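Thanks for coming. I will take one residue to begin with, and then widen the view. Please have the sequence and the model open.

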Amino acid sequence: MMSHRGRTLTGWGVVNLLVILYALIPVCWIAALSFKDPSTLTDGNFIPREWTWANYRGIFQTSEFTRALVNSIGIAVIATTIAVVLGTMAAYAVARLRFPGKRVLIGMSLLIAMFPPISLVSPLFNIERVLGIFDTWAGLIIPYMTFSLPLAIYTLSAFFREIPWDLEKAAKMDGATPAQAFRLVIAPLAAPGVVTTAILVFIFCWNDFLFAISLTSTTAARTVPAAIAFFTGSSQFQQPTGSIAAAAVVITVPIVIFVLLFQRRIVAGLTAGAVKG
Amino acid sequence: MAEIVLDGITKRYPDGALAVRDFNLTIADGEFVILVGPSGCGKSTTLNMIAGLEDITEGTLRIDGRVVNDRAPKDRDIAMVFQSYALYPHMNVRDNMGFALRLAKVDKAVIRTKVEEAARILDLTQHLDRKPANLSGGQRQRVAMGRAIVRDPKAFLMDEPLSNLDAKLRVQMRTQIAALQRRLGTTTVYVTHDQVEAMTLGDRVVVMRGGLVQQVGTPQHLYDAPVNLFVAGFIGSPGMNFLGATLEQNALRTSLGDLAVDDRLRRLLERQDAPRELIVGIRPEDFEDAALVGERRTGQACTATVDVRESVGSDVYVHFTQEGGPAGITELAELAADSGLADTGMRGHRIVARLDPATRAAEGSPMDLWIDTSRIHVFDPATGANLTHPERAEY
């Protein structure tokens, strides 16, 4: 006879397992496809009969993918850095200072976060062409920054609010200049929040497809998610399924490693933002 | 070490709210001054203005003879102990205590000696390499003190440093702080809302209410000669009892019976044009069980029914209820709200008497009480002023 508690646990276990399977099957599928030989792609087996690295070798042989990878890394890193630096300053002000128009500022940033990006794509396309930043790194970095700043400000201000105000006063009384107080006392305490925010923003930039496909036209600034869509088979009769799968795995792995490493931090960061924001 | 002079200090917030109004006080070198009052009375704001954490709207602040209104906290050379302790969580005790000296670019060996010396005084030597998170409340409090004394500053500012400790530890630390201050001889300004702390620690106590200084004096002086209803009710535990009274020919008619008005009191009241409706204040210890009072002592007897008898060993506290206490007096309402009395929902007006433990007072039965009429205070209900204050007798 199982106790009531035992039955509840089993029940939850089953539900959790279903959710995990639901989430993981597509990922496994892609991974399996990436290891299949093009001739066995449609043989109906989930697990490849013959394992091959050919798809991976293939995508790294042409500059189409490597160039896109460089673009992705460069654009995501730069956009993340700028968004986190600006977000840190803004969040500090939001959390610490009372100033006129604070509510308006918070409201505006929320508004930006709520704006459907798809509605901005065509105006941005036109604006960027006029400004001459269409199909450049800057052309992607700027919208990424804009859309990730609200996220950064929200998460970071939740972290800053957790730091007791008295610490900064104590540092001032101990003879610190405002800059020293920030550098020696506040920044070390805010570091976990900054790291969490950086990861969240990085994932957002890294995964974006909409802006990447709309605001680029050549390999000059095309990031991996967009570049994958331009993959072609080795002949016009061949589907590039294997290469697409391999490329998808390559860009997913770093994110998975990141998230595993900082898992606790990110969860804490998200809940902090949810409760305090 | 230094003298601190507050000359007409006023704090007005941008929205027009006055937090502190015209605060004048000269704190002598080495003096221990307590700012006390209910929450929102402006005591912490005053402390923060001395610290430099808040701007001074009007008036001048001099530390050691120099005007420091526009100086940053770091240029005032004063140390502060916060209610939350505000220890840097990412530094160990040694680094916490030495932080100010490191910022001041003091030689490393000197920092080490000073920190260890302070740790020895505060009994923290074995905890020097631990993080604040691993310390108990009392140890954290001592680290906060240590951070202040390591610097050997001109003055200490303490913002309710004991309010996060449990009752027993608080009493211990209170004694330690007093001993430490005497030993170092550093000018100290201490903020608290606890009148017991104020009475036991300070050389002088400043009672504040609504941003205004009510009275400044030694603890005993505030207790014996409060200038108004607020100070009278705030200082002392249990607080002073207040009764509505009507001035008759030769007596003050109260719900406890008529209290005889002697010549001294009559002259005082006449000279000040006292109104007919007055408030009488009687300290709990100015009551006594009539059966235990010798014949020779002059005073007044009355009868009341005991509600609650509390024995604390050395004394017996007797509570009884009187109908119709003084009503509509803002000071008294404020005091009741501050002590939490307003929330107890009890009807009527409570009177507390401190009696000799030999008393036979029993709950539920009437007893004869004796009142020392020479020690009663009489207040003007309109202004709250104490009409029996000794300074008024000298007019």
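Let me start with the surroundings of Asp159(B). Setting aside its neighbours within four places in sequence, Asp159(B) is in contact with Ser44(B), Leu47(B), Met80(B), Val81(B), Phe82(B), Gln83(B) and Val191(B). Bear in mind that this is a predicted model.

Where does Asp159(B) sit? It is found in strand S7 of chain B, which covers residues 155–159. Asp159(B) is buried, yet it has no salt bridge. Which side chain of opposite charge is nearest to Asp159(B), and how far away is it? It is Lys169(A), at 6.4 Å. A salt bridge would need a side-chain nitrogen within 4 Å of a carboxyl oxygen. What Asp159(B) does have is a polar contact, side chain to side chain, with Ser44(B) at 3.4 Å. Ser44(B) is also one of the residues in the contact list I opened with.

Now the chain that holds this residue. Chain B has eleven helices and 21 strands. Its C-alpha atoms fill a box of roughly 75 × 45 × 40 Å along the principal axes. Of its 395 residues, 52% count as buried. If we take contacts in chain B between residues at least 6 apart in sequence, 71% of them join residues at least 24 apart.

One helix of chain B is worth a stop. The buried ones include Val93(B), Arg94(B), Asn96(B), Phe99(B) and Leu103(B). And what covers them? The cover includes H7 and helix H8 (178–207) from chain A, along with helix H3 (108–121) and helix H4 (137–149) from chain B. Just after H2(B), Lys105(B) takes a positive phi of about 60 degrees.

The largest share, three residues, comes from H7(A). H7 of chain A has already come up, as part of what covers the buried residues of H2(B).

That is where I will stop.

Note on methods: Residues are numbered from 1 along each chain as its sequence is written. Chains are lettered from A and ligands numbered from 1 in the order in which they are written. This is a predicted model: local features need pLDDT of at least 70, side-chain atom pairs count only at pLDDT 80 or more; totals for chains, interfaces and linings use all residues. Side-chain values use heavy atoms; hydrogens and water are left out. Helices (H or I, at least four residues) and strands (E, at least two) are DSSP runs, numbered from the N terminus. Buried means under 20% relative accessible area, exposed over 50%, partly exposed in between (1.4 Å probe, protein chains only). Lys and Arg count as positive and Asp and Glu as negative; His and the chain ends are not counted. A polar contact is a pair of N or O atoms within 3.5 Å; within protein, one must be able to donate a hydrogen and the other to accept it, and residues adjacent in sequence count only if both atoms are side-chain atoms. Contact means heavy atoms within 4.5 Å.
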